[in-house]
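Hello,

Here is the structure I said I would pass on. Please look it over first, then read my notes below.

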Amino acid sequence: MEPLRVLELYSGIGGMHHALRESCIPAQVVAAVDVNTVANEVYKYNFPHTQLLAKTIEILMEFPQTEYEYTQKCAVDAENKIKKKKTESSICFDSSKQCSGKDAILFKLETAEEIQRKHKQDSDLSVQMLKDFLEDDIDTNQYILPPKSLLRYALLLDIVKPTCRRSTCFTKGYGSYIEGTGSVLQTAEDVQIETIYKSLTNLPQEDKITKLSMLKLRYFTPKEIANLLGFPPEFGMWDLCKPQFSFIDILKIH
C-alpha cells in the first residue's frame with residue numbers, strides 16, 4: 001500500500017498531523033492550510049518540512065468573489081453576535097430568587113444536580129487528576145484572573161482544583177472571554193469555595209474582590225491545555241502565547 005497523500009485543512013498547530021504520525025498509518029502531509037498567523041508559527045516550528053499555506057479555503061477553491069464576500073460577512077456577523085452577548089452579561093449576587101428541588105441554586109448559580117454531576121466525575125478513578133497535566137515551577141502570576149473579571153463573572157466561572165478529574169471544554173475564546181470558554185484553576189486548595197461564595201451577598205465591591213481573591217483563581221497555561229489535549233511533551237513554542245491574547249489561537253485543532 002502506497003503512503004496516503006494528505007492535505008491538512010484548518011491545520012491550526014498541527015493536532016491532526018501529530019495524530020496521524022502517532023497512528024503509524026503510512027502517510028505524508030503534502031500541505032497544510034490555515035489563516036491564523038500565530039498558529040502557523042507553531043505549526044512551522046513543529047513540522048518544518050511541511051508546506052504551509054496561509055490561505056482561506058474559499059480562495060483555494062476559487063469560489064466567485066461575491067459568494068466569498070457573503071461567506072466572510074456571515075462569519076463576521078456571527079462573531080459579532082457572540083461578542084455582544086458576552087459584553088451584555090450582568091451578574092447579581094442576590095440569592096433571594098432561588099427555587100426549590102433539583103433546580104435550586106445552592107451557590108455560584110449551580111444547582112444541586114449540577115454539583116452532584118461534577119462530584120461523580122471527580123470520583124471516577126479511571127480518569128487522571130488535573131495535577132498530572134499542570135506545569136511545575138513556573139510563574140503563574142500572569143495567568144491570575146484580574147479583579148474586574150472576578151467581580152463581573154464570579155457566578156459563571158467553572159472552577160476546578162488540581163485534584164479534580166474534570167474540566168469544561170476549552171474554546172477559542174479562552175483568555176479573552178469568561179463564560180463557557182473553559183475552566184479556571186483554584187490554586188488555594190485549602191479555601192472552601194462554598195464558604196467564599198455564600199459570603200458575597202450584600203458585601204461592597206472591594207470586599208467581594210478580597211473574598212474571591214482568596215481562591216487564587218488562574219487560567220490554565222497554554223502548555224497545560226496542550227497536555228490535556230494530548231499533545232506530546234516535546235511539542236513546543238508556547239512562548240508565543242500571552243495572557244491578553246486568545247490561548248486557543250495557539251491550541252486550536254480541527
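A patch, as the word is used here, joins residues with over 30% relative accessible area and no salt bridge; nonpolar side chains are linked within 5 Å. By that rule, Leu 7, Leu 9, Tyr 10, Leu 60 and Met 61 make a nonpolar surface patch of about 480 Å². One of them, Leu 7, sits in strand β1, which covers residues 4-9. Please keep in mind that the model is predicted.

Now the chain in general. The protein chain has ten helices and eight strands. Of its 254 residues, 39% are buried. The protein chain exposes about 15300 Å², and 54% of that comes from carbon and sulfur atoms. Among contacts with a separation of 6 or more, 66% are between residues 24 or more positions apart.

The largest nonpolar core holds 29 residues, and the members that touch the most others are Leu 157, Ile 159, Tyr 197, Leu 215 and Phe 220. At least two residues of this core come from each of α6 (147-153), β6 (159-160), β7 (184-186) and α7 (193-198). The most is given by α7, with three residues. Apart from this core lies another, of eleven residues, including Ile 13, Leu 20, Ala 39 and Tyr 43.

Which residues does Leu 215 touch, leaving out those up to four places away in sequence? Leu 215 touches Ile 159, Gln 186, Thr 187, Ala 188, Val 191, Ile 193, Ile 196 and Tyr 197.

Regards

Terms used: Residues numbered from 1 in each chain as written. Predicted model: local features only at pLDDT ≥ 70, side-chain atom pairs only at ≥ 80, totals over all residues. Heavy atoms only, no water. Core = buried A, V, L, I, M, F, W, Y, C linked by side-chain atoms within 4.5 Å. Buried < 20%, exposed > 50% of the residue type's maximum accessible area, 1.4 Å probe, protein only. Helix = DSSP H or I, 4+ residues; strand = E, 2+ residues; numbered from the N terminus. Contact = heavy atoms within 4.5 Å. Areas by Shrake-Rupley, 256 points an atom, 1.4 Å probe, with all protein chains shown as cover. Patch = residues over 30% accessible without salt bridge, like charges linked within 9 Å, V, L, I, M, F, W, Y side chains within 5 Å. Salt bridge = Lys/Arg side-chain N within 4 Å of Asp/Glu carboxyl O.
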